[in-house]
Amino acid sequence: SRGFSQEKILEWKVGYCPSGEYKGRIIIPSFDDEGDVSYFVSRTYEKDWKKYKNPKASKDIVFNDLLIDWDKPIILVEGVFDAIHEKNMIPILGSTLSERSDLFQKIVEKAKKVFIALDPDAYKKELDIISSLIKYGVDVWKIEVPEGKDLNDISKYEYQRLKMAAVEVRFDTLFSM
């Protein structure tokens, strides 16, 4: 129900656990730029009260760095299920992005253009991320996710329409948004 086609399952190497600590959960692994597993997200597919159960490992990674083409624009989103819309989407695994994080540092070093598409309830945090990126000279474009929706709730067509309507954000326009 979260939009994973057979193609996406293979591309993202999605698996599941029928037993053990992560029983009843799908597993979405992350691979670093050398192809090694750097993290994973697990989400229940049963009626577990706790939707997500993630490893006791640092989230200070670039999720699926192996799949990112840094010569093309990247799109920052909150979670892995938001990131399935398009190649080069990077989940920040939450709604904050520290300037000291590996992801932030790699964006500043390598990204030419960044789109950001966080959920509307993370608006203030999104402004903080945009402000930090602009401060470091990164070109940032804001994708407006509709109120009451997650990026994963909208169709690929609607996502493309929203991306085409994205607005470039500069310091002089940042707080008029």
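Where is the place of leucine 93? I found leucine 93 in the loop between β5 and α2 (102–110); helices (H or I, at least four residues) and strands (E, at least two) are DSSP runs, numbered from the N terminus.

Before going on, a note on what I'm looking at. This is a predicted model, where local features need pLDDT of at least 70 and side-chain atom pairs count only at pLDDT 80 or more, while totals for chains, interfaces and linings use all residues. Residues are numbered from 1 along each chain as its sequence is written, and side-chain values use heavy atoms, with hydrogens and water left out.

Leucine 93 is not a glycine, yet its phi is positive, about 60 degrees. I looked up its accessibility too: leucine 93 comes out at 16% relative accessibility, so I logged it as buried (buried is under 20% relative accessible area, exposed over 50%, partly exposed in between; 1.4 Å probe, protein chains only).

Asparagine 64 also has a positive phi, of about 55 degrees, without being a glycine. I placed asparagine 64 in the loop between β3 (37–44) and β4 (74–77). Asparagine 64 is buried because its relative accessibility is 3%. What is asparagine 64 in contact with, leaving aside neighbours within four places in sequence? I noted Trp12, Pro29, Ser30 and Phe31, with contact meaning heavy atoms within 4.5 Å.

**Salt bridges**

My rule here was a side-chain nitrogen of Lys or Arg within 4 Å of a carboxyl oxygen of Asp or Glu. The count by this rule is 13 salt bridges.

I started with aspartate 69 and lysine 72, whose closest N and O atoms are 4.0 Å apart. Aspartate 69 has a relative accessible area of 30%, so it is partly exposed. Lysine 72 is partly exposed as well, at 49% relative accessibility.

Next I checked lysine 163 and glutamate 86, which form a salt bridge at 2.7 Å, N to O. Lysine 163 sits in helix α4 (residues 156–164) and glutamate 86 in the loop between β4 and β5 (89–91), so this pair ties together parts 77 residues apart in sequence. Are these two buried or exposed? Both lysine 163 and glutamate 86 are buried.

Then I turned to glutamate 158 and arginine 161, with a salt bridge at 2.6 Å, N to O. These two are separated by about one helical turn, because they are 3 residues apart in helix α4. Arginine 161 is partly exposed, at 42% relative accessibility.
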